[in-house]
Amino acid sequence: DVVASYDAMRAYLRHVGACIERVDPHLCNNAGLVSHLVDWETSWEVGSRYVRDAALLDALCDVVAQMKEAQAVAPQLVDMF
């Protein structure tokens, strides 16, 4: 999930910002940074298929809106997804 990996990256940067003196200046030597960047890149590669194509993004947003409306009418649908 692009948003979750982005949020995790932000949280990591906030965390290391408090102890920046312990961050290796050779960024590739920071396992946490590398791990978060790889996760963000991987999720973006998948998510970009939907975000870059405006028509596909609009269609996906419409599907999500319809699903939320259906779940409001029939709450048991929440458990199906």
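User: Is V73 buried or exposed?
Analyst: V73 is exposed, at 73% relative accessibility. Buried means under 20% relative accessible area, exposed over 50%, and partly exposed in between, with a 1.4 Å probe and protein chains only. This is a predicted model, where local features need pLDDT of at least 70, side-chain atom pairs count only at pLDDT 80 or more, and totals for chains, interfaces and linings use all residues. Residues are numbered from 1 along each chain as its sequence is written, and side-chain values use heavy atoms, with hydrogens and water left out.

User: Which helix is V73 in?
Analyst: V73 sits in helix α3. Helices are DSSP runs of H or I with at least four residues, strands are runs of E with at least two, and both are numbered from the N terminus.

User: And how far is V73 from S43?
Analyst: Their C-alpha atoms are separated by 32 Å, and the two residues are 30 apart along the chain.

User: How do α2 and α3 sit relative to each other?
Analyst: Helix α2 covers residues 31–51 and helix α3 residues 54–73; their axes come within 6 Å and cross at roughly 90°. That makes α2 roughly perpendicular to α3. The class runs from 65 to 115 degrees; under 35 is roughly parallel, over 145 roughly antiparallel, and the rest oblique. The axes are lines fitted to C-alpha atoms, for helices over the stretch in contact, and angles run from 0 to 180 degrees between N-to-C directions.

User: Which residues make that contact?
Analyst: On α2 they are R49, Y50 and V51, and on α3 they are L56, L57 and L60. Contact means heavy atoms within 4.5 Å. By class, there are five nonpolar residues, no polar ones and one charged. Here Ala, Val, Leu, Ile, Met, Phe, Trp, Tyr, Cys and Pro count as nonpolar, Asp, Glu, Lys and Arg as charged, and the others, Gly among them, as polar.

User: New topic. How many disulfides are there?
Analyst: Zero, from a search of the whole structure. A disulfide is a pair of cysteine sulfur atoms within 2.5 Å.

User: What about S5, where is that?
Analyst: S5 belongs to helix α1, residues 2–17. S5 is buried, at 3% relative accessibility.

User: What does S5 touch?
Analyst: Leaving aside neighbours within four places in sequence, S5 is in contact with D39, W40 and S43. The side chains of S5 and S43 are also joined by a polar contact of 2.5 Å. A polar contact is a pair of N or O atoms within 3.5 Å; within protein, one must be able to donate a hydrogen and the other to accept it, and residues adjacent in sequence count only if both atoms are side-chain atoms.

User: And S48, what is its side chain next to?
Analyst: A polar atom of the S48 side chain lies 3.1 Å from the backbone oxygen of E45. S48 is in helix α2 and is buried, with a relative accessible area of 9%.

User: Back to α1. What does Y12 contact?
Analyst: Y12, a residue of helix α1, is in contact with N30, G32, L33 and H36, leaving aside neighbours within four places in sequence. Y12 counts as buried, at 17% relative accessibility.

User: Is L13 buried or partly exposed?
Analyst: L13, also found in helix α1, is partly exposed at 44% relative accessibility. From L13 to L37 is 11 Å, C-alpha to C-alpha, with the two 24 residues apart in sequence.

User: Last one, where is N29?
Analyst: N29 is in the loop between α1 and α2, and counts as partly exposed at 47% relative accessibility. The N29 side chain makes a polar contact of 3.3 Å with the side chain of D24.
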